[in-house]
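Subject: Structure for your files

Hello,

Here is the structure I said I would send. My notes on what was found in it follow below.

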Amino acid sequence: MKYLQTMLVMLTVVLLNTIALADVPGPNIPKANAEKCVEPTQEMRVNHMEYILHQRDDTVHEGIRTKQHSFKNCISCHAVYDENNQAVNFKDERHFCSSCHTYAAVKIDCFECHASTPSKQSVRTMSLSKDDMKKAHETRSEK
Amino acid sequence: MSKTETAETNGISRRKFLGTGIASAATVSLAPGVSFINLAHAQPKPAGQKVDDSKRWGMLIDTNKCAKGCDACVKGCNDEHNLNVGDEDLSRPEQQSQWIRKVDLRDKLTGHESSLPLMCVHCEHPPCVDVCPTGASFKREDGIVLVDKHICIGCRYCMMACPYKARSFIHEELTMQSENAPRGKGTVESCTLCVHRVDDPNNANPITACAEACNKEGHEAIIFGDIKDSNSEINKALKKYSTSAIREDLKLNPGVRYRGI
C-alpha cells in the first residue's frame, strides 16, 4: 500500500513538471524605449486603462496635459520600429498594444480615433533620440 | 454690447489690474531690477493646471487683408490636423471635413466683394452645447468650444443647431490621424482653435495653424490671442477698431470676430 502511495505522488510530480515545462504560448510584449514605466509594470498591466481614462477626461475638458499619464507619451515610449526604422501601427502584431490585446482577444477602441504611432516631433521631445531608442530596443529584444 | 457684457469686461479688467499691481509690487520688493514690462507678458499655462476663465481665446479676422482665391488658412488647418487624407476621399466633397472654409461675399447694392474664412466662432452661448443630448459638445472654461469624441454618439443635432454651419461629421474609417487631433468615424468635429497649441506649456504666445499659414503668405489677416489679456495684440486691435460678429442678432457673443464686413 505504501509503495503504491509513493508511486502515485511521484507520478503526480512528474505530470505537473511536464505541464509546467510545456510550451504555453504567451504574448510577445516588446520592451519600451525608456528605463522604466510611469507606474510599476504590474500596476500598469492590470490598470493601464484606468490611468488613460482618467487622464482623458482631464485633458479634453480641463486642458491638463501632464506627460506622466498622457496617451501621446505612452505611444511615443512604447513605439516599435520595423526593419525600415518606421514605427509600426496597431494593425501590426508587433505593435506594443496589439501584441497583448491580440493574445487576450480584447478589442482596442482607442485607435479608431487616436494615432497609434508617434510623430517625429514627439519622438524628438523624448529624452532619447530615435536611434538611441532603436538601439536600446534591439539590445533588449536580444536579451 | 449688452449691459451684462460691459459689466463683465469691467470686472475682469479691474481684477486683472489689481492682480498685476500686486505682482509688480511683490517683484519690485524682491528684485528691483525686474521691469513692469516683463511682468506684463503672458505666461503659458503649466501642463498640470486646469484652464480657467481668466482667459478667453479668440480671433480677429480682417477681411480687407484676406485675399480672394487664397486658401492658405484652409491648407494650414488641413495639414495641422491631417484632415481629408486617406479614405476620406471616399466621402463626397460636401461631406468632407471643413474646420475652416473660405467664403466670398458680394454686396448686391454696391458690388463690393470680400473674401473671408469661416469656421467655428467659439460662442459664449453655443447652441451646439445646448442641444447636445450626451454632453459631448461642451465649452471649455477659456471659451474654446469642443466635441468630446469619447462621448459623442454622432447624432448630428449640433450640426443642425449651429448657425455658422461650422461642424462636420466623419463618414469614413480613418487611419492617418495626427497625434494632436484624434478623430474617427461616427463623430462630429469642428475647429478646436488649435487647442493642442494653446495648451502647450512651452509656448507663451500660441498661434493657430490658420493664422500661422496666413502670416506666412504675408496677408496677416488673422490675429489669434487672449481677448481678456489687455496686453495681447487681439485685445488692442478690438479696442482700436470697429469689429463685428457674424449673426450678431443671435447674441451668441462669438470669440471669432471680423473687421471689414
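**Chain A**

Among contacts in chain A between residues at least 6 apart in sequence, 56% join residues at least 24 apart. Please keep in mind that this is a predicted model. Chain A has 143 residues, and 22% of them count as buried. The chain contains six helices and zero strands, so its elements, read from the N terminus, run α-α-α-α-α-α.

**Where the chains meet**

How many residues does each chain bring to the contact? Chain B gives 19 residues and chain A gives 18 residues.

**A helix pair in chain B**

Two packed helices are described by the angle between their axes and the distance between the axes. In chain B, helix α3 (residues 72-81) and helix α7 (residues 209-216) have axes that come within 7 Å and cross at roughly 135 degrees. Because of that angle, α3(B) is oblique to α7(B). The crossing of α3(B) past α7(B) is right-handed.

Which residues make this contact? From α3(B) they are Ala72(B), Cys73(B), Lys75(B), Gly76(B), Cys77(B) and Glu80(B). From α7(B) they are Ala209(B), Cys210(B), Glu212(B), Ala213(B), Cys214(B) and Lys216(B). Sorted by class, the contact of α3(B) with α7(B) has seven nonpolar residues, four charged and one polar.

Regards

Methods: Residues are numbered from 1 along each chain as its sequence is written. Chains are lettered from A and ligands numbered from 1 in the order in which they are written. This is a predicted model: local features need pLDDT of at least 70, side-chain atom pairs count only at pLDDT 80 or more; totals for chains, interfaces and linings use all residues. Two residues are in contact if their C-beta atoms, placed from the backbone, lie within 7 Å. Axes are lines fitted to C-alpha atoms, for helices over the stretch in contact, and angles run from 0 to 180 degrees between N-to-C directions. Helices (H or I, at least four residues) and strands (E, at least two) are DSSP runs, numbered from the N terminus. Angles under 35 degrees count as roughly parallel, over 145 as roughly antiparallel, 65 to 115 as roughly perpendicular and the rest as oblique. A crossing is left-handed if the near helix is turned anticlockwise from the far one by less than a right angle, and right-handed if clockwise. Ala, Val, Leu, Ile, Met, Phe, Trp, Tyr, Cys and Pro count as nonpolar, Asp, Glu, Lys and Arg as charged, and the others, Gly among them, as polar. A residue is buried if 20 or more other C-beta atoms lie within 10 Å of its own, exposed if 12 or fewer, and partly exposed in between; C-beta atoms are placed from the backbone.
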